[in-house]
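Please read it alongside the sequence and the structure shown here.

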Amino acid sequence: MKRSKVNDILREGAGFIRSFGYVLPPFADWTPEEMKARRADIGGIVDARLGWDITDYGVGDFANKGLFLFTVRNGDPQALKEGRGMLYAEKIMISRRDQISPMHRHVIKAEDIINRGGGTLCIQLYASDAEGAIDRRAPVSVPTDGIVRRLEAGDVLKLAPGESVTLMPGVWHEFWAEGSDVLIGEVSTVNDDLTDNIFAEPIDRFSDIEEDEEPHRLLVSDYPAWLGA
């Protein structure tokens with residue numbers, strides 16, 4: 001993706017989030033220069049990979065296959081191993097109308113996916129077989145706001161604003177917005193986007209950036225180059 005395109009998506013996305021009354025933390029507005037100047041104080045942000053995240057999954061077609069995310073808080077994977085401490089994470093995301101976030105599952109992370117407003121959030125669901133691959137015959141059961149729903153393999157669960165679903169590790173899911181763009185909340189166990197996303201197809205979680213202009217805001221994937229993370 002070109003940096004100019006990323007910058008445009010960031011500006012549009014930040015406005016969309018705020019239009020629903022969701023207030024981002026202060027560091028969301030820091031410029032790259034401010035983050036570099038504060039580097040000694042923001043280890044918690046950098047290490048937990050909090051902040052902006054835009055991906056086209058390496059496909060080069062963000063309008064049809066992509067996702068806009070901001071990680072608000074994130075715990076420590078070591079805490080999960082110890083079973084105590086900060087075991088949770090939170091994201092706010094935007095799924096554009098008919099924009100696919102491709103089929104994937106998680107090994108460790110359980111997550112609540114919440115329609116925070118906009119259109120209808122559509123989620124196609126499959127169970128895993130014994131080897132962790134997509135089981136195209138077995139039904140899948142998921143809690144939706146505390147009520148368990150049983151779906152056939154490949155059925156599409158539709159969530160109206162305010163509704164949510166809990167996805168446990170191993171549940172395959174692909175999602176998109178229907179009708180209009182959707183603001184999505186995610187509350188989960190500790191998030192690790194570097195190792196805990198298993199995709200059905202060979203795609204990349206993060207996008208390569210073509211630097212055709214200066215970044216408006218840093219993405220979490222920029223931290224190693226810009227902040228020495």
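## Cavities

A cavity is taken here as a set of grid points where a 1.4 Å probe fits but cannot get out. The model is a predicted one, and by this rule two cavities of 30 Å³ or more are counted in it.

The largest cavity holds about 140 Å³ of space, and 17 residues line it, of which L67, L69, H104, H106 and N197 are the closest to its centre. Strands β2, β3, β4 (101–105) and β11 (172–189) each contribute at least two residues to the lining of the largest cavity, with β11 giving the largest share, three residues. By class, this lining consists of six nonpolar, five polar and six charged residues.

The second largest cavity has a volume of about 40 Å³. Its lining is made up of F27, A28, W30, M35, G51, W52, F70, R217, L218 and Y223, which by class gives eight nonpolar residues, one polar and one charged.

## The largest pocket

The largest pocket contains about 210 Å³ of space, and among the 15 residues that line it, D47, A48, R49, N74 and N191 are the closest to its centre. The lining of the largest pocket divides into six charged, five nonpolar and four polar residues.

## Salt bridges

Side chains of opposite charge can pair when their charged atoms come close. A search of the whole structure finds 14 salt bridges. One of them joins R3 and D222, whose closest N and O atoms are 2.9 Å apart; the pair links distant parts of the chain, since R3 belongs to helix α1 (residues 3–19) while D222 sits in the loop between β12 (198–199) and α5 (223–227), 219 residues apart. R3 has a relative accessible area of 0% and is therefore buried, and D222, at 7% relative accessibility, counts as buried too.

In another salt bridge, R73 pairs with E90, with 2.5 Å between the closest N and O atoms. Because R73 lies in strand β2 (residues 67–74) and E90 in strand β3 (residues 88–95), this pair ties together parts that are 17 residues apart in sequence. R73 is partly exposed, with a relative accessible area of 34%, whereas E90 is buried, at 18%.

K109 forms a salt bridge with E111, the closest N and O atoms lying 3.6 Å apart, and both K109 and E111 are buried.

Technical notes
Residues numbered from 1 in each chain as written. Predicted model: local features only at pLDDT ≥ 70, side-chain atom pairs only at ≥ 80, totals over all residues. Heavy atoms only, no water. 1 Å grid on protein atoms, 1.4 Å probe; cavity = no way out; pocket = protein on both sides within 12 Å on 5 of 7 lines; lining within 4 Å. Points joined across faces, edges and corners; volume = space filled by probe spheres on them. Nonpolar A, V, L, I, M, F, W, Y, C, P; charged D, E, K, R; others polar. Salt bridge = Lys/Arg side-chain N within 4 Å of Asp/Glu carboxyl O. Helix = DSSP H or I, 4+ residues; strand = E, 2+ residues; numbered from the N terminus. Buried < 20%, exposed > 50% of the residue type's maximum accessible area, 1.4 Å probe, protein only.
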